[in-house]
Amino acid sequence: MNMLNAISVDVEDWFHVSLFRHCIRPSDWDQLESTVVANVCRILNLFSRYHVRATFFVLGWVAERYPEIVVAIQEQGHEIASHGYQHQIIYEQTRDAFYQDVKRSIHILESITGQKIRGYRAPSYSITRSSLWAWEKLVELGLEYDSSIFPVRHDLYGIADAPRFPFKIKVKNKGELVEFPISTIRILGKNIPIAGGGYLRLYPYWFFKKGIEQINAEGKPAIIYFHPWEIDPHIPRIAVNKLRYFRHYGNLALTEERLVQLLQNFRFGTVQQVLKSHTDLPRWPKVEGPTTDNAQNGKYQIAFSNGKQ
Ligand SMILES: [Zn+2]
């Protein structure tokens, strides 16, 4: 039997994307044309056609305005997790603002679903070396797993030398968290992202498929992500520079077709289902970091093991 991989949807509107954060402010959001409900419905239909259960990382701002969409996701047997409340990049926030943002989102999601929220994904994967303290806040909030680390080099996110597969984080005196890093493959000694979103739209499908096969051949699960606006070629378009335009709008018409191919070629489930079958996880970083109470210069100091304990 093929290995079970995780599939996830970051439930937000097209205008929440971090690429636009310098030209669209949160105070503008309520005036913009929302497409999230219709697109989540399309995704739910697609998943039900292929009998797939997924994890939906729902933005608190969206859940508050459209609670019916959270109910619909839950009723179809999917997992609901948090994508924070206001989609602010973590390393641009204070620790307390981050804590309050995630807390608010958990409260909204738990009151709609009546269920405990266990998972979290950061806006734009923005847990980086300068914001590793976020893990400690997630433990304090009672979360059990995080899926925010992108082990690549990128202008917005990434910890290039983080493990590529699920690992355990121990936060001193507070508890543990499981991290499910966004999937990458190794090419010429480098980690290349393969996880979805823009990559699903911009790579040829055969490359994407080979990537997941390679990960599963290593005995590891892959995790795929995409956004509701990515299956909608008709989202409102705003003027941005060429690179941003390509990243945000490139090949939108292809996404749904690519997703169908993926759902036909691989077995997918929720993050919780996948983590259940991978319990013996390595720990990273090997040496426990201090808590934020005693971190120096506002940085979370971590000693990396370089293979030695
Ligand atoms: Zn997001």
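The model is predicted: local features require pLDDT of at least 70, side-chain atom pairs count only at pLDDT 80 or more, and totals for chains, interfaces and linings use all residues. Residues are numbered from 1 along each chain as its sequence is written.

Of its 309 residues, 41% are buried. A residue is buried if 20 or more other C-beta atoms, placed from the backbone, lie within 10 Å of its own, exposed if 12 or fewer, and partly exposed in between.

Next, select Val11, Phe56, Val58 and Ala134, the residues with the most contacts inside the largest nonpolar core, which has 71 residues. Helix α4 (residues 95–113) supplies the largest share of this core, five residues. Such a core is a set of buried Ala, Val, Leu, Ile, Met, Phe, Trp, Tyr and Cys residues joined through C-beta atoms within 7 Å.

Now select helix α7 (residues 205–217), which has 13 residues. Which residues of α7 are buried? They are Phe208, Gly211, Ile212 and Ile215. Seen down the axis of α7, the buried residues fall within an arc of 90 degrees (taken from the directions from the helix axis to the C-beta atoms), so they line one face of the helix. On the other side of α7, Trp206 and Ala217 are exposed.

Finally, select Gly219, which follows α7 and has a positive phi, near 80 degrees.

Notes:
Helices (H or I, at least four residues) and strands (E, at least two) are DSSP runs, numbered from the N terminus. The expected span of a helix is 1.5 Å times one less than its number of residues.
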